[in-house]
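Biologist: Could you take me through how features are read from a set of coordinates, giving the general idea and then the case at hand?

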Amino acid sequence: MARDQGAFRLHNPWPKIAWGMVALLVVVSTVLGFGVLSRYQQNGPTLDLWNAICRGLGLSADTAPAKEPVPALRTPTRIAWTSSTLDQIAAGDAQRGAFIAMNCVACHGQGGVSTSTLIPTLAGMDPAVIYKQLDDYRSGKRLWGVMGAIGKVVSAQDSADVAAYFAVQSHGLPPLRGYRLPESGRSLREPDPAKRLVYAGDPQRGIPPCSACHGPGGYKLGAPALQGQHADYIERQLVAFAQGIRQNDIFEQMRMIAKQLTPDEMHAVAAFYGARGGAPSAAGVAVR
Amino acid sequence: MQNSSRLALYHYWVAFAVFLPAVVLGAWQMLIRSPLPAPLDDPDAYYASVTLHGTAMAYVVTTFFAMGFGYAVTATSLGRPVRGVAAAWICFVICLIGTLMAVAAVLAGHASVLYTFYPPLLASSWYYGGAFLLIGGSMIWVVLMIYNMTSWKRDNPGRPVPLAMFAITATAILWAWAASGVIVELVGILLPRSLGLTTEIDAGLARTLFSVTLHAIVYFWLMPAYIAFYTLLPQAAGGRLYSDTMGRLTFIMFIIFSVPVGMHHLFADPEHGAGMKFLQSFLTFFVALPTLLTVFSICASLEIAGRARGGRGLLGWIPALPWGEPMVLATGLSLVMLGLGGFGGLINMGYAMNSMIHNTSWVTAHFHMIFGGAVVIMYFAIAYEMWPRITGKPLQSKALARWQLWLWFAGMMIASIPWHITGLMGQPRRVAVFDYSDPFVARMGPLVIISVIGGAILLVSAILLIVILVRSQLGERRLEAPLRYALAVNPPKTVPAALNGFALWNAILLVLMVFAYGYPIGQFFILKSKVPAYEVSGPTNSVGGVDGP
Amino acid sequence: MAEIETNPLRRPLPDGVVPEEEITRTEDHWLAIMLGVLGVMMGVMVVSAATNALHPPSNVETIDPATLHLGGEFAESNLGTAIEPDGSVTVRMIAEQYDFIPNCAQVPVDTPVKFRLTSPDVIHGFLLPATNVNTMVVPGFVAEVRTSFSRVGVYNMPCNEFCGNGHHGMWARVEVVSKERFPRLAATERTSCAKQ
Amino acid sequence: MATDEFHHSAAARPEHVAAPIGSEEAVAALRNGPVGALVVASIAVALLFLGWLAFYFLLFIPRGSVG
């Protein structure tokens, strides 16, 4: 093909014109893009040619003012979802976790199915959630009575094991995974405020739909499934986030959302999840 | 029925059978975004629906239509049976399996990532696998088109390849270049991650690779329409093609300029410097050239026809044209939408001006005008032109076809023009539901309702299309009418080698691609930008809830 | 074949009436005019981009998305609006599934503003309607937009890129206030509407 | 086959070539060159061009700086 087309024989008129045009395009666009336009930066000094080329390619970035002072660092947690953390959680040993979990029965119930409405059910909870909360108790990022002391005696490995154990327990929170069938009444036109908040959120106040992270149908790493959780517990956590008592949510997300909610809305959303949870077990039904 | 006719017919039917439900989804999506009540107002259903609508329209309808059109053009323009029919059927089956896999994954709720994938969102491997089979499978068609053209050239040395065949081969080559980006993204990044072979995704690289596809794919969709403009329209109008050479040059320019310009879809992205963005913005200007050339050539061809039919005076040829012919009517309507859509495109590619409309409804409006309007209406016209030739039965009826084309045009205008305006007002794309109690959003309400009406009209038109095609095919009367291509005013006896093949242009495109994409893709081997993936249907790996150890 | 030969409809034009050269010349003229039109547009674009320093937002900076909250520029204590020594302001925000943080930023009018955003999870979009502020927020990269606002007011700020099933709930706001109303911040202070 | 050589640019076989008008009509139609087509296409491109300039200077630039 190349031979009878003479694609590289520049004495033929077509290849000559075509290659010439291409060369022209390349030169003109390079000069304009890197030699001219990249020199002029918005709200910044004009760059010399070398810096303009580097910036135009993306090799160098906009320079921040040198060593600006920053506020005292405040972090919500020590946990980051790095691959090593996720690997440790994934490697949790449920059998070993079962032994550790015997210490949890008194409050969190047999098999992690809590009978107390202010204590969360752990059965079926995502192991990453349990792992992170235990670490937050350990580091004092989440403060809640006895859990702080318990957090200090369990190691990271213990946390992963116990998380793995609770994750596979049944009769607790229904599985987070899987798709829910589409259903009408999940948009912003839904009159029931709780259902509206759960499935559609409230964009005007910057509140995303709860279900997008907490299910049903949604998932976010580190966010617990709420369906079937005790309503009183959910409501208390929302209040704690709103009042800043609880601050271990990464990027203030739950604090920001909870501050926007009225007490009635917190109650309604909590009741929605607690009541619609499909009664995990007879003992697990929230008592109100 | 001739084998190549059956081949074309099967492809067309898959395309149109997918087209109708996809239009239904589109109309419903407009409804749920509007202030009007919609059945099944569930945001999750919207995102699944957008994924399905995009996948169906962008990959399935277009690929099957182009393949079917390619076989029909090959058989008729070369005047001999398609070579490699067995491979063509294998290709058909592979693409169909891919389609079914992808659709099943979306319907199961495991693939709400939209047809543009958006890594690090991660869908089920069935979706990516399906997309790969469909797009990768269509490469068999690409090879068949090139093979048919080159073998004809070998058998007819020194003769010009018929313009229609030259153009469909250009389409195939363009599609191979275009698809290379998405195929590398699927095989190199998304499939391995969704199968659990890798742990991280380079979102910036994935987006850059997809941008190679994202603009050129639009020209892949567009090419059958342009082939109709050049080779079918002049004879339908009763005239001759103004210039055969310019037709060839147009298709060559499409190959060269539609691929190394994809980064204008990434103007707002943080992973590329402004210099590289300017280079591709600059090249994007040249992709307007073949279209501007076509506008003139087509007007000139129509003028010849109109004058031959008795049109007098400067513009008297326009009313003299046979507007009752679906092909002529569709072209007129198509050019109007192409003008409006092209205008939007000139705005989008304008370097910094892109910031004004990036990811707003303006963009949705733009490509619906171009693809949903200008291109798809020509698909209809091509189908109306070809149905009698491949089924051997007359069209039932031309009047109904005219209604269908007018409705499609009206629907698309009514739907898209308000979108342009809401886009300028700042309405974001791909949002399932809007809070119309917010005064900022409320101002867009009336415009959104108007576009819903347009959507309903489009749906009526799509149903009408299927009715016409089914009625025609079930008809009794037999008809013998071979497909005919337009003769140029001066049919060239010979053409320069450069206009009779693609080697030179592929070499030029390769150089331009290295220039435009070499650094933008190469930089990811240095940048540390890999990030974890986020599965859209919840965890399926070991950190998942119920699947624990 | 003989029939075709004699069919006048299929005969090429007699040479010299409308020679191919003339057709090519007409098309060439058209092509030249079109190149001129496109050239003018490109000229407008290049000149105004140079004089006003108009670019698509394109600052290439990478960052580890998993550990943003543990320290550095995007720790929660450093989010919000900061005043730089030169009097300009920098707004640092996180775009994550499915919120902007802070979800209401405050900036002074007629002041150089630099938005710096990044994402700890998936791709988001940052758009202020009726302005040219518009960028993708890609995890692993810091997105930066430099601008200044000439009009006081509240700008809605939707996420404009599909980021998952909560995408439609991801709206925030930017409040542009007069210079007098903007708080005098110490170098280590950060502000947002929520903190007022 | 030399007689139908000119058909090859449209289709390889004569039955697939359409020529609804003969040479005389085509000549007559093009006697003044495609002036009407030039007018129509020029108007279309002019509208496009002016519209683009209007968008650039009346919409884009007033929306403020970006970079």
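Biologist: Which residues line the largest cavity?

Modeller: A word on conventions: this is a predicted model, in which local features need pLDDT of at least 70 and side-chain atom pairs count only at pLDDT 80 or more, while totals for chains, interfaces and linings use all residues. Residues are numbered from 1 along each chain as its sequence is written, chains are lettered from A and ligands numbered from 1 in the order in which they are written, and side-chain values use heavy atoms, with hydrogens and water left out.

Modeller: Rolling a probe the size of a water molecule over the atoms shows where empty space is left. A cavity is a set of points, on a 1 Å grid over the protein atoms alone, where a 1.4 Å probe fits but cannot get out, and lining residues have an atom within 4 Å of a point. Here the largest cavity is lined by Ser38(A), Gln41(A), Arg55(A), Gly56(A), Ala274(B), His55(C), Pro56(C), Pro57(C), Ser58(C), Asn59(C), Arg146(C) and Gly67(D).

Biologist: What class of residues makes up the lining of the largest cavity?

Modeller: Ala, Val, Leu, Ile, Met, Phe, Trp, Tyr, Cys and Pro count as nonpolar, Asp, Glu, Lys and Arg as charged, and the others, Gly among them, as polar. On that scheme the lining has three nonpolar, seven polar and two charged residues.

Biologist: Is Thr135(C) buried or exposed?

Modeller: Buried means under 20% relative accessible area, exposed over 50%, and partly exposed in between, with a 1.4 Å probe and protein chains only. Thr135(C) counts as buried because its relative accessibility is 1%. Taking contact as heavy atoms within 4.5 Å, and leaving aside neighbours within four places in sequence, Thr135(C) touches residues including Ala268(B) and Pro57(C).

Biologist: Where does α5(B) bend?

Modeller: Helices (H or I, at least four residues) and strands (E, at least two) are DSSP runs, numbered from the N terminus, and the bend at a residue is the angle between axes fitted to the seven residues ending there and the seven starting there. Helix α5(B) bends by about 40° at Leu186(B). Because 27 of its 32 residues are buried, α5(B) is largely enclosed by the rest of the structure.

Biologist: Which residues does a cis peptide bond join in chain B?

Modeller: One such bond joins Pro119(B) and Pro120(B), with omega about 15°, and another joins Gln396(B) and Ser397(B), with omega about -5°. Ser397(B) lies in the loop between α12 (361–391) and α13 (398–425) of chain B.

How values were computed: On a 1 Å grid over the protein atoms alone, a cavity is a set of points where a 1.4 Å probe fits but cannot get out, and a pocket is an open set with protein on both sides within 12 Å along at least five of seven lines; lining residues have an atom within 4 Å of a point.
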